[in-house]
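I opened the model to look at its surface and its fold. My notes follow.

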Amino acid sequence: MEIARVKASPGEKLYFMKDHDACPEKGDSCKEKAYILNGDEVLVSKRRGQWACVWFHGAKTATVGWLDAEKLLGKPLVPGKLDDWSGDWNFYKTGFLKFRKDGAALKVEGQAYWRGLNDNVHTGDISARITPQITAKNNVAQLKDGGGSILLHGQLQLFG
């Protein structure tokens with residue numbers, strides 16, 4: 001994963017490309033309605049040839065798709081501090097995480113839900129104490145339970 005900034009001409013719209021039916025390689029038939037502009041930042045999950053699979057978090061929605069990798073300028077990952085994790089993180093109205101500094105660790109609490117088919121609602125809660133592994137390479141926090149068997153395991157990564 002990496003952060004990248006869009007490097008396009010002023011006013012140029014960089015359209016997202018679909019991820020199915022031989023896209024994005026098919027060209028203009030893969031073009032989505034969503035686009036980003038010069039200077040926008042994206043999170044790059046992987047690169048494939050001339051394409052980069054990215055996630056853009058806008059003010060009202062998030063968009064995932066392929067962009068021309070030549071239009072993206074990678075940014076170096078700056079090592080974070082424990083205080084950088086502290087705060088309330090929300091994902092629209094479907095979930096939240098609250099991080100509070102607790103010595104050399106963080107207390108995390110949160111909830112999330114997702115609506116599935118036929119009005120099925122999936123929910124999850126977390127309440128844990130974690131210690132982020134903060135390096136210039138990854139800014140990662142591992143989530144594990146404190147017991148003998150792992151009931152909870154996850155990984156969070158801080159970018160930007």
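I began with the surface. W55, V64, F91 and Y92 form a nonpolar patch there, and together they have about 360 Å² of accessible area. I took patches as residues with over 30% relative accessible area and no salt bridge, with nonpolar side chains (Val, Leu, Ile, Met, Phe, Trp, Tyr) joined within 5 Å and like charges within 9 Å. A salt bridge is a side-chain nitrogen of Lys or Arg within 4 Å of a carboxyl oxygen of Asp or Glu. Areas come from the Shrake-Rupley method with a 1.4 Å probe, and for residues only the protein chains shown count as cover.

This is a predicted model: local features need pLDDT of at least 70, side-chain atom pairs count only at pLDDT 80 or more, and totals for chains, interfaces and linings use all residues. Residues are numbered from 1 along each chain as its sequence is written, and side-chain values use heavy atoms, leaving out hydrogens and water.

I looked up W55 next. It sits in strand 5, residues 51-57. W55 is partly exposed, at 31% relative accessible area (buried is under 20%, exposed over 50%, partly exposed in between; 1.4 Å probe, protein chains only).

Then I checked T63, in strand 6 (residues 62-68). T63 is buried, at 18%. Beyond neighbours within four places in sequence, T63 contacts F16, A34, V54, W55 and F56 (contact: heavy atoms within 4.5 Å).

Last, the whole protein. Buried residues make up 29% of the 160.

Methods: Helix = DSSP H or I, 4+ residues; strand = E, 2+ residues; numbered from the N terminus.
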